[in-house]
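Let's take a walk through this protein together. Keep the picture open while you read.

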Amino acid sequence: MQYSDEDIEAYLQDYFQSNKEAIKERLAFLLEHYDEEDQLIPPDVWYCFEEAYHTFMMGDFVACIILCAVTIERHLAKLLEMPYTAPTDERSALTATGEKLIKTAKAKRIIDSDLEKNLLELNKLRNDFVHGIDSQVHARPQTTDPIKNAFMWTEKTVLAVEIENNARKAVKILFEARKKLHYSRLNYY
């Protein structure tokens, strides 16, 4: 089926109109928790950050949780590569992910204990969706009820509140990490 520009525009306007209040509420949440500061971060980290909070605003909560974790992983990996004349832990920067990357960043004093705890929680939130039911360490929220598992991805109302709350938590952790990993606060060189 072919869609004209007018059809697409009408669909988009309908979407925004029907979701206007929810988008406004999520945007207010983001603005309330976001502390804008100039950042010196690699472009890939910046684009992940931008996409993470955009997915939250648009209501794509699972994508938001995953992107918040990805943003932090990319940022920590870049910090472990630096300074370039004597990398802090170049091997971990190139090969480690998730929990190992977070623990390495803590061991190298890039992050503190509080941020480590929060990043490990964010990593678990992410893994609940990324690694699925077969995960050895984590369990997706719906694994305790196979009926919910069947409907989770097709019926928006199943676990909607829990997933949105987890996305809110993920965004808060992302913003906390962004602030603590600001170049002016890093003293591990």
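**A tour of the helices**

Helix H5 is followed by Arg-109, a residue with a positive phi, near 65°. A quick word on the labels: helices (H or I, at least four residues) and strands (E, at least two) are DSSP runs, numbered from the N terminus.

Before going on, know what you're looking at: this is a predicted model, where local features need pLDDT of at least 70, side-chain atom pairs count only at pLDDT 80 or more, and totals for chains, interfaces and linings use all residues. Residues are numbered from 1 along each chain as its sequence is written, and side-chain values use heavy atoms, with hydrogens and water left out.

Now zoom out. The protein chain has eight helices and zero strands. Of its 189 residues, 39% are buried. Here buried means under 20% relative accessible area, exposed means over 50%, and partly exposed is in between (1.4 Å probe, protein chains only).

Back to H5, which covers residues 98–107. Which of its residues are buried? They are Gly-98, Leu-101, Ile-102, Thr-104 and Ala-105. Looking down the axis of H5, you'd find these buried residues within an arc of 160°, so they line one face of the helix.

Next, find helix H3 (residues 61–81) and helix H8 (residues 160–180), whose axes come within 8 Å and cross at roughly 20°. Axes are lines fitted to C-alpha atoms, for helices over the stretch in contact, and angles run from 0 to 180 degrees between N-to-C directions. H3 and H8 are therefore roughly parallel to each other, as angles under 35 degrees count as roughly parallel, over 145 as roughly antiparallel, 65 to 115 as roughly perpendicular and the rest as oblique. Where they meet, the H3 residues include Phe-61, Cys-64 and Cys-68, and the H8 residues include Ile-163, Ala-167 and Leu-174.

What about those cysteines? A disulfide is a pair of cysteine sulfur atoms within 2.5 Å, and by this rule the count is zero. The sulfur of Cys-64 has its closest cysteine sulfur in Cys-68, 4.0 Å away, too far for a bond. Cys-64 is also buried, at 0% relative accessibility.

Methods:
The arc is that of the directions from the helix axis to the C-beta atoms. Contact means heavy atoms within 4.5 Å.
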